[in-house]
Structures are given as C-alpha cells and as structure tokens.
Amino acid sequence: MTKPLSIKNLVKKFGGLTATDDISFDLNEGQSTGLIGPNGAGKTTIFSQIMGDYRQTSGKIELYGSEISKLSTPARIRLGVSRTYQVPRPFAEFTVLENVRVGLMPDSIWKMITESPNVDREIELALSVGFSENDLRRTPDELSMGDLRKLEMARTMATNPSIMLLDEVFAGLTVGEIDQIAKLIQKMRSENMTFLIVSHDLKALEPLVDDAIAINYGKIIAQGSFASVISDNAVRTSYLGT
Amino acid sequence: MLEIIIQGVLLSGLYALIAVGFTLIFSVGRVLNLAYGSYIMVAGYIYFYFSQLLGLPPIAGLLLAGILGSCMGLIKYNLIVKPLKGDHIAVEISTLILAVVLQSAVILCFGNSAKILLPIIPGVMHIGNATVTFNVLVATIASWLILIGLYLFIKKTHVGRAMMAVSMDAKGASISGVDIDKINMITWGISGFLGAIAGVFFASYTQLSPTMWVAPLIIAIAIVIVGGIGSIIGTLMVAHIIGFMEIISVALISPQLRGVFTMLLIILVLVIRPKGLFGREEL
Amino acid sequence: MGLGLRWYHFFLWAGFIVIMALMPEFVSKGTLRTIIFANFLAIFAISWDVLSGRTGYISFGHPFLIGIGAYTTAILTKRFDVPVEYAIPTAVIMTMVGGTIMFLPALRIKGSYFALVSLAFMELIYQLVQVIRPDLTGGTRGMSGIVTLTRGAVNGYYLSVTLMIIVALCMWLLMRTRLGTALSAIGMNEESVKGSGLSPTKLKLFAFMTSAFVAGLGGAFYVHYLGSIAPRALFDINFVFTIIVATLIGGASTIVGPMFGAFFLTFLLEYLRPYLPGAERYLIYGAIALLLYMYQPKGLYHIVMSQLDRFKKRADDD
C-alpha cells in the first residue's frame with residue numbers, strides 16, 4: 001500500500017541559510033502526525049516544499065508513490081494534498097461562501113462555465129468549521145483572525161484532499177472554536193484523512209495526533225509517540241532555549 | 001565600424017540614464033511609474049522655455065529642469081502613490097492617466113507641433129570618419145558622470161544604503177529603523193531628477209514633441225525587463241546591449257526595424273529567464 | 001450554469017434593447033453617429049474589462065489587438081479581394097493567435113510584466129506597421145477605400161448596436177459563471193488561486209483569448225464601418241487611455257459598467273468638443289478620471305449599486 005506522503009533527504013537552502021537539513025519521514029494512510037518545534041525551526045518551510053510554493057534544493061517528495069517535484073501547486077492539490085497558511089490569505093472582496101466556492105471549483109474551464117456552484121456544499125463546509133448563518137455573506141475585512149483561520153480551514157477542505165497540512169490552525173481561536181475544529185479533525189480522522197499538523201498549542205494537539213516529529217534548526221531532533229517526543233530532553237531544551 | 005561603436009556608446013550612455021531613473025522606483029518602491037516618460041517630456045519643454053525662449057544659459061536650464069523633475073517626482077509620490085498604499089494596479093493606471101493629462105497640458109501650453117532644440121553645445125568633432133556632435137558627446141559624458149555619482153551615492157552614503165535595504169526587503173528595513181516613507185520620497189525625487197536630465201539630453205538628441213515621452217518609456221521598460229532589477233551595473237550593461245542592438249540594426253539591416261530586435265529580446269528573456277539577465281528577483 | 005438571474009435582469013436587458021432599437025426614431029443622424037462610436041468603444045472596453053478588469057493584468061496595448069483584427073480584414077478585403085464574410089472571421093482568429101504568441105510569455109509571469117510588455121509592444125507594432133510591407137499595410141498613412149458593410153447612419157447604427165449588444169450580453173453571462181469568479185479571484189490573490197487547486201495560467205490564457213476575440217471582432221467591424229484605417233489614431237496612447245478610462249468610470253469587472261462608461265465618455269467628449277477642440281479635452285477628463293479613480297476606483301457601477309443596496313436595506317428594515 002503506497003504511503004500518502006514520503007519525504008526523503010529533503011534539503012532547502014536560502015543562500016547561506018539551511019532551512020531544511022536532510023529531513024526524512026513518511027505518513028501512512030489515516031495517520032495523524034504532529035509537527036512541533038520552536039519558531040523558525042523550519043516547519044512551515046517543509047509545508048511550502050510539499051505544496052510546491054518553492055522547490056527544494058535537493059531530496060525527494062512522493063505523494064502516493066509518485067515523485068511530485070516537477071508538478072505545479074494546483075497539480076499537487078489535484079493529487080490530494082492541501083494546506084492552510086499560517087497567515088490566512090483569503091480573497092479580500094469575496095464573501096465567506098464565495099471564498100469557499102473558489103476552492104470547490106474544478107480546474108476545468110468548461111466545467112466552470114457550464115456547471116453551477118454547489119451552494120449547499122459551500123454552506124455545509126462553512127458551517128462545519130464553525131461559521132454561523134450570519135457570517136456566510138461577510139467579507140474578510142469583517143472577520144476576526146479566528147474567523148479567518150476557520151475560513152482557511154474551510155477552503156482547504158473544499159479542495160477535497162486526502163492529506164491535510166494544517167499550519168497553526170488553532171492560533172487566535174477561542175476555546176469553543178478550538179473545540180469545534182478539533183471535533184472536525186477527529187471526524188475526518190475517522191474517515192481516514194491523513195494529517196500533518198503544526199501547532200504551538202500542545203494541549204490541543206495531543207488528542208488529535210497518533211505521533212509527533214520535533215524539529216529544530218531544520219533537523220528532526222525527535223520522533224515517535226507524542227508523549228515520548230514532548231518529554232525528550234532535546235525537545236524541551238529547544239523550546240526553552242539553552 | 002568605428003562609427004557603430006561610437007554611436008553605440010553614445011546612445012547607450014543616454015539609455016542607461018533613462019533606464020536607471022525608472023528602475024530605481026521599481027527597485028525601491030516596488031511600483032510602476034508609467035508617468036516616468038513625462039519627466040522626460042516636461043523637462044525638455046522646461047529647458048526649451050528657459051534656455052531657448054528666455055535665453056538663460058544651458059546649464060541653468062538644465063538644472064532648473066532637473067529640480068522641476070525632482071519636484072514632480074515628490075508631488076507624484078505624495079499625491080498619488082502614497083494614498084494608493086502600494087496597490088500596484090491602481091498605481092499603474094493612475095500614472096498612465098497622469099501621463100496623458102500631462103501630455104495634454106503640454107499641448108495646451110506649447111502646441112502640438114514638434115520643436116527642434118538647439119544643441120546644448122554647438123559644434124561637431126570628427127573621430128576617424130565618424131561625425132560626433134558635441135551635444136551628444138556632452139550628454140553621454142554627463143550621463144556617465146551622473147551614473148557614477150549615483151552608484152557611489154548608493155554604495156557609500158547612509159541614505160543610499162538604506163535605499164538598497166528597502167529594495168531588498170522593505171519590512172526588514174523598516175524593522176531596522178529605516179523611515180520607509182522618507183526613503184521613498186528621496187527615491188522619487190532622485191528618479192525625477194534623473195528623468196529630467198535624461199529628458200533634456202534626449203530631446204536634444206531627437207526632437208521635442210508632446211508625444212515624445214512614450215519612446216523613452218518603452219526603452220526603459222525594455223531595459224528593466226531584459227536586465228532585471230537589483231543592480232545599477234546590470235542596468236548599465238543591458239542599456240549597452242540594447243543601445244548597440246539598435247545602432248547595429250539601423251546601420252546594417254534597416255533603420256525601420258529598430259524596435260523589432262528589442263521586442264524579440266524581451267520575449268526571449270521572459271521565456272528563458274524572467275528574472276532578467278542580471279536580476280535578483282522577479283518584478 | 002448558476003448564473004443567478006433574476007426577473008429584474010431580464011427586465012433591464014429587455015428594456016435596454018428596446019430603447020436602443022428605437023433610438024433612430026428619437027435622435028438626429030449626428031447623434032446616431034456618436035452613438036455608433038460609443039457602441040464600438042463599448043465593445044473595446046468590454047474586451048479590456050474581461051481581461052484587465054477581472055484579473056488585474058492591465059493591458060496597455062489593447063490597440064495592438066484591435067489593430068491586428070483591423071489590419072487583417074483591411075488587407076484581405078482590399079489587397080486580396082477576399083469577401084468580407086471570410087475576412088472578418090480570419091481577422092478574429094489572427095487576433096487571437098497573434099496576440100497569444102506575443103503576450104503568452106508575459107501572461108505567464110506577473111501582472112506588472114504584462115502591463116509593461118503590452119505597452120512596449122503596442123509602440124513597437126506601431127513602428128513596424130509603418131515600415132514592414134507598406135504596400136500591404138499602407139504605411140504611415142494607412143488605408144482608405146475599404147469595403148463598408150452598411151451605408152448611412154441608420155444602417156451603421158443598427159449593425160453596431162446589434163454587435164455591441166450581442167457581445168455585451170454574451171460576456172455578461174460568461175462572467176456570471178464560475179469562470180468569472182475564478183478570474184476575479186486571480187485579481188485578488190493569484191497565489192491563493194493556485195492554493196485552491198486552480199491553474200492561473202490556463203485561466204489567464206482563456207481570459208486573454210476571449211478578450212482578443214472581442215477586440216479583433218470589434219476592430220474588424222470598425223474598419224468596415226469607417227472604410228479606412230489610420231495607424232496614428234489607432235496605436236495612440238490616447239486610445240488606450242480612452243478605453244481604460246471608459247471601463248474604470250463605468251466600473252471595472254462588471255461588463256455593464258464599461259458599456260455605460262463608454263457611452264458616458266463619448267458623450268462627454270462630444271459635449272466638450274465645441275469648447276475644447278483637440279487634445280485639451282483629454283486634460284479635463286483625464287484630470288476628472290484621475291480624481292474619480294482615486295476617490296472611488298470601482299466606478300459609477302459601484303456608486304449606483306451601493307445606493308441601491310442602501311434602499312434595499314432601508315426597505316428591509318421597515
């Protein structure tokens with residue numbers, strides 16, 4: 001059975017800075033892995049390379065067994081991977097529903113013209129991440145940071161992925177909102193969705209993941225069960241600083 | 001052959017001056033100033049008015065034009081670019097509208113017909129069997145001096161280095177304490193000055209007309225696309241490539257095909273190396 | 001197709017068509033000729049809007065596309081005696097093909113490149129057209145004595161208005177589909193469009209070719225209305241300016257906006273003509289356009305719509 005995601009010896013250098021330093025790991029189908037580490041450790045950089053926001057310096061990225069390094073971002077999304085961004089980037093002049101609509105669209109001009117938007121599905125997605133009926137016609141400038149994060153989540157789900165990369169999706173959310181997103185993630189886990197989740201909120205993260213990978217300075221410093229990783233000495237030092 | 005080399009050098013120097021003023025705004029401010037050509041046109045007319053109509057000495061006319069160019073730049077920045085907060089589509093459109101407005105204003109004041117500028121320095125000299133007007137020679141030498149001065153300014157002075165910093169990473173620069181607004185103003189002022197001086201030279205090289213702002217703008221555009229943004233030296237080199245290409249195509253192929261090779265070069269660069277030959281990054 | 005059509009859409013379009021059809025009864029021949037010009041400007045503005053109004057890839061070289069259509073049909077009909085029914089479709093295809101070849105490299109990259117390249121290419125084509133095969137293109141002076149499709153103001157009016165309404169209606173409907181949504185999304189945040197699984201290049205190319213189609217069509221019919229072609233008027237920055245300002249005043253990305261903007265601008269120009277003949281008019285309405293754009297970049301369409309929204313809200317509250 002091919003693994004949804006397989007990273008081999010990934011290296012990314014920005015000039016003199018090595019942001020990703022020989023990283024390798026796999027995700028099995030339905031597995032949920034937490035990616036933790038201090039700021040600047042290189043977690044988001046890994047996401048960006050997987051999605052194709054930029055090209056790795058060297059190393060392999062395989063999605064369901066195929067090397068994807070030559071593929072464009074939309075092509076990778078069609079293969080089933082999708083991500084949220086730490087800084088939300090919604091479409092500024094569209095309502096919540098219209099934002100989701102873009103994510104739901106097929107990448108075919110003919111279909112875009114001939115088929116109508118699936119408004120029911122748009123509403124369903126928006127409500128599932130915690131928006132209320134009133135919010136649906138709001139535009140991003142009227143939304144709180146928490147709402148924008150929810151919108152990111154809804155847009156990511158709209159592309160119908162089988163692998164989701166979540167980048168700090170809980171930051172700025174209230175306890176109730178975190179709860180709602182957490183329930184949503186658990187539901188998707190039970191439907192065999194594969195997750196790679198970055199979060200500073202370790203308490204919220206714990207129930208959502210099967211295991212964890214800790215990163216610092218672009219290298220993996222610990223890997224294994226969530227409990228063993230967070231009690232690892234190197235990991236504790238990386239968070240507290242030496 | 002000698003003629004080609006000399007003409008090429010002379011033209012390229014002028015092109016370099018024209019291009020640098022344009023590139024500077026991009027590099028530092030990240031916006032497109034499509035009214036850049038207007039500095040060139042207005043400056044030409046100002047020089048014409050003061051030096052030819054009023055009879056002031058050429059240097060005075062030149063300096064006045066330069067100062068006016070600077071002022072135009074500052075006004076443009078404060079009234080148009082700043083309020084638009086870096087919405088690059090809006091700046092593109094607004095500066096184009098402004099350019100057309102300025103063109104109409106000039107027609108209103110000076111009429112529609114083209115005018116010939118008297119040479120800044122009359123007389124010609126001969127190198128081999130090539131005839132070189134002092135006018136163009138002085139223009140080229142002045143261009144080089146100004147460019148060298150600018151290069152030193154950017155590398156050696158505090159303000160110049162701040163400009164470089166902003167062009168590489170505006171957010172980082174502002175966190176380090178650079179006053180972005182002030183740097184932008186200075187850049188627009190310098191750009192206006194450069195454009196104006198280039199304008200007077202350009203007008204004396206060709207002729208003065210209300211539509212003369214388009215051609216230098218196109219040249220500046222070509223140099224920016226082919227050369228990329230990020231270094232004055234790169235701009236200089238590409239200015240020479242394009243300058244020589246034009247001279248060669250005029251002399252050896254056909255005067256009318258002047259622009260074609262530029263066009264082809266633009267397409268080639270965009271397909272193969274969008275950053276530009278010497279560019280650090282994309283626009 | 002999810003066009004979201006309401007009864008008032010039908011009503012407004014039908015009303016508009018009826019008014020335009022009856023126009024010759026109410027106005028003089030002179031005014032009809034002005035409206036013909038407005039119709040063509042509307043077609044060009046709509047063409048610009050489909051691409052630049054939506055995606056933000058500002059084209060400063062639309063006359064380039066219009067010119068290909070115009071010159072192709074002019075050369076075919078005048079120099080080679082090709083019948084108009086074949087020349088015009090050929091012209092449209094040439095515009096799409098030629099335009100794509102020239103602009104594809106720039107379209108694949110960022111919007112600012114495209115803007116620059118389009119300006120540069122328009123100027124360069126202007127030079128080229130005067131010097132390459134002037135026996136075909138008529139060189140600097142252009143061509144005259146080209147076949148005209150209609151005779152007289154009224155017939156010319158009907159042809160132009162029919163063309164304009166067909167173009168406007170088709171583009172308006174097209175932009176109301178999800179394609180229109182996708183194109184607008186590109187204008188807002190192209191990176192996010194990629195992140196939503198859509199390829200912007202494919203979309204931009206489609207928008208461009210649609211825009212070229214309309215521009216070529218308009219250019220070809222315009223030549224056969226005027227019976228002549230003059231490069232100096234065609235490849236003029238003032239023409240670019242007119243098209244863009246018409247679109248912006250009306251309201252970019254709305255199709256209907258550019259249509260009304262074109263009429264507004266044409267009549268404004270005509271009104272100013274006795275007072276300010278010549279290029280000075282551009283000064284006034286350029287200044288007005290600039291102020292209006294900086295104050296309300298979304299144009300008259302948005303101003304009207306937000307007033308209507310206010311009425312609706314007040315009605316809902318009561």
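Let's start with one helix. Helix α3 of chain C, residues 62-79, has 18 residues and reaches 25 Å from its first C-alpha to its last, close to the 26 Å expected at 1.5 Å a residue. The expected span here is 1.5 Å times one less than the number of residues. Helices are DSSP runs of H or I with at least four residues, strands are runs of E with at least two, and both are numbered from the N terminus.

Now the ground rules. This is a predicted model: local features need pLDDT of at least 70, side-chain atom pairs count only at pLDDT 80 or more, and totals for chains, interfaces and linings use all residues. Residues are numbered from 1 along each chain as its sequence is written, while chains are lettered from A and ligands numbered from 1 in the order in which they are written.

Back to α3(C). Is it enclosed or open? 16 of its 18 residues are buried, so α3(C) is largely enclosed by the rest of the structure. Buried means that 20 or more other C-beta atoms lie within 10 Å of the residue's own; 12 or fewer is exposed, and in between is partly exposed, with C-beta atoms placed from the backbone. After α3(C) comes Asp81(C), with a positive phi near 55°.

Chain B has a similar story to tell. Take helix α8 of chain B, residues 180-205. Its 26 residues should span 38 Å at 1.5 Å a residue, and the end C-alpha atoms are 37 Å apart, which agrees. Of those 26 residues, 20 are buried, so α8(B) is largely enclosed by the rest of the structure.

Next, how the chains meet. Two residues are in contact if their C-beta atoms, placed from the backbone, lie within 7 Å. Which chains have the most contacts? Of the two pairs of chains that touch, B and C have the most. Chain C puts in 38 residues and chain B puts in 36. On the chain C side, α4 (84-107), α5 (111-131), α12 (237-250) and α14 (280-295) each supply at least two residues. The largest share, 14 residues, comes from α5(C). By class, this side of chain C has 29 nonpolar, six polar and three charged residues. For the classes: Ala, Val, Leu, Ile, Met, Phe, Trp, Tyr, Cys and Pro count as nonpolar, Asp, Glu, Lys and Arg as charged, and the others, Gly among them, as polar.

Chain C also touches chain A. Here 22 residues of chain C are in contact with 23 of chain A. Helices α8 (178-188), α9 (190-195) and α10 of chain C each give at least two residues to that side of chain C. α8(C) gives the most, with six residues. The classes on this side are nine nonpolar, nine polar and four charged. And A with B? No contact joins them; their closest C-alpha atoms lie 12 Å apart.

Helix α2 (residues 29-55) and helix α10 (residues 200-226) of chain C pack at about 170°, with axes 8 Å apart. That makes α2(C) roughly antiparallel to α10(C). The contact between α2(C) and α10(C) has 14 nonpolar, five polar and two charged residues. Among the residues meeting there are Phe40(C) and Trp48(C) of α2(C), and Phe208(C) and Tyr222(C) of α10(C).

Over to chain B. The axes of helix α1 (residues 2-29) and helix α5 (residues 134-156) of chain B come within 8 Å and cross at roughly 45°. α1(B) and α5(B) are therefore oblique to each other. For these labels, angles under 35 degrees are roughly parallel, over 145 roughly antiparallel, 65 to 115 roughly perpendicular, and the rest oblique. Axes are lines fitted to C-alpha atoms, for helices over the stretch in contact, with angles from 0 to 180 degrees between N-to-C directions. The contact includes Leu10(B) and Leu17(B) of α1(B), and Trp144(B) and Leu147(B) of α5(B). Its residues divide into 13 nonpolar, three polar and no charged.

Last, some single residues. Asn9(A) has a positive phi near 50° and is not a glycine. Asn9(A) lies in strand β1 of chain A, residues 5-14. With 13 C-beta neighbours inside 10 Å, Asn9(A) counts as partly exposed. Glu168(A) also has a positive phi, about 50°, and is not a glycine. Where is Glu168(A) found? In the loop between β7 (163-167) and α7 (175-190) of chain A. Glu168(A) has 19 C-beta neighbours inside 10 Å, so it counts as partly exposed.
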